[in-house]
Amino acid sequence: IRFLSILDYMPTERAARSLSRAHSNYLAMKFDAARADLKEGKAFLEKAAETADENARAEMAKLIRDIESVEAKAGTWSHETSQEIRNLYLRAKKLTVKAASTFKAKRNKSGDQ
C-alpha cells in the first residue's frame with residue numbers, strides 16, 4: 001500500500017496519466033483536450049527532471065522533445081499520431097517503474113517492512 005501511495009504522487013506517474021488521457025482524447029477526436037493533456041504531461045516530466053539522475057534526466061528530455069513533436073500533429077486525426085501518443089504514454093510509464101524501483105521499504109527493529 002505504501003508503494004502505491006508513493007506512485008500516486010510521482011511526477012512521472014502523473015505525466016503517464018496525462019499522456020494516457022491525451023491518447024483517449026485523441027481517439028475521441030477531442031484534439032484541443034489531447035493537446036492540453038500532452039502539455040500537462042510535458043510539465044510533469046519537466047518537474048520530474050529537476051530531481052532525476054543524469055540518465056533519467058536525459059530520457060525525460062528526449063521524451064519531452066518527442067511530446068513537442070507530437071503536439072504539433074495532434075490537431076488532426078492520423079493513425080500514426082495515435083500510435084505515437086500511445087508510445088509516449090508507455091515510455092512515461094516505463095520511467096515511473098524505473099523511478100519506483102529505487103525506493104526501498106524501511107525495516108523496523110524487528111525486521112518487518
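Helices are DSSP runs of at least four residues marked H or I, numbered from the N terminus. In this predicted model, the place of Thr81 is in helix α5.

**Overall make-up**

The secondary structure of the protein amounts to five helices and zero strands. Read from the N terminus, the order of elements is α-α-α-α-α. The protein has 113 residues, and buried residues make up 35% of them. Among the contacts with a separation of 6 or more, 66% are between residues 24 or more positions apart.

**Packing of the helices**

Two packed helices are described by the angle between their axes and the distance between the axes. The table gives these values for two pairs.

| Helix pair | Angle between axes | Distance between axes | Handedness of crossing |
|---|---|---|---|
| α2 and α3 | about 165 degrees | 8 Å | left-handed |
| α3 and α4 | roughly 165 degrees | within 10 Å | left-handed |

Helix α2 covers residues 11-27 and helix α3 covers residues 31-49. An angle over 145 degrees counts as roughly antiparallel, and α2 and α3 are therefore roughly antiparallel to each other. On the α2 side, the residues that make the contact include Pro11, Ala15, Leu19, Ala22 and Tyr26. On the α3 side, Phe31, Leu38, Phe44, Leu45 and Ala48 are among those taking part. The residues of this contact divide into 12 nonpolar, four polar and five charged.

Helix α3 also packs with helix α4, at an angle of roughly 165 degrees. That makes α3 roughly antiparallel to α4. The contact involves residues of α3 including Arg35, Leu38, Lys42 and Leu45, and residues of α4 including Met60, Leu63, Ile67 and Glu71. Here the division is nine nonpolar, no polar and seven charged residues.

**The nonpolar core**

In soluble globular proteins, nonpolar side chains tend to be buried together. The largest nonpolar core of this model contains 24 residues. Within this core, Leu38, Leu45, Met60, Leu63, Ile67 and Leu88 touch the most other members. Helices α2, α3, α4 (54-73) and α5 (79-100) each supply at least two residues of the core. The largest share, seven residues, comes from α3.

When residues up to four places away in sequence are not counted, Ile67 touches Leu19, Leu38, Lys42, Leu45 and Leu88.

**Two individual residues**

Apart from residues up to four places away in sequence, Thr81 touches Tyr26, Val70, Lys73 and Ala74.

Pro11 lies in helix α2. The relative accessible area of Pro11 is 25%. Which residues does Pro11 contact, leaving aside its neighbours within four places in sequence? These contacts are with Phe44, Lys47 and Ala48, and each of these three residues is also listed in the contact of α3 with α2. Pro11 and Ala43 are 32 residues apart in sequence, while their C-alpha atoms are 8.9 Å apart in space.

How values were computed. Residues are numbered from 1 along each chain as its sequence is written. This is a predicted model: local features need pLDDT of at least 70, side-chain atom pairs count only at pLDDT 80 or more; totals for chains, interfaces and linings use all residues. Side-chain values use heavy atoms; hydrogens and water are left out. Axes are lines fitted to C-alpha atoms, for helices over the stretch in contact, and angles run from 0 to 180 degrees between N-to-C directions. Angles under 35 degrees count as roughly parallel, over 145 as roughly antiparallel, 65 to 115 as roughly perpendicular and the rest as oblique. A crossing is left-handed if the near helix is turned anticlockwise from the far one by less than a right angle, and right-handed if clockwise. Contact means heavy atoms within 4.5 Å. Ala, Val, Leu, Ile, Met, Phe, Trp, Tyr, Cys and Pro count as nonpolar, Asp, Glu, Lys and Arg as charged, and the others, Gly among them, as polar. A nonpolar core is a set of buried Ala, Val, Leu, Ile, Met, Phe, Trp, Tyr and Cys residues joined through side-chain atoms within 4.5 Å. Buried means under 20% relative accessible area, exposed over 50%, partly exposed in between (1.4 Å probe, protein chains only).
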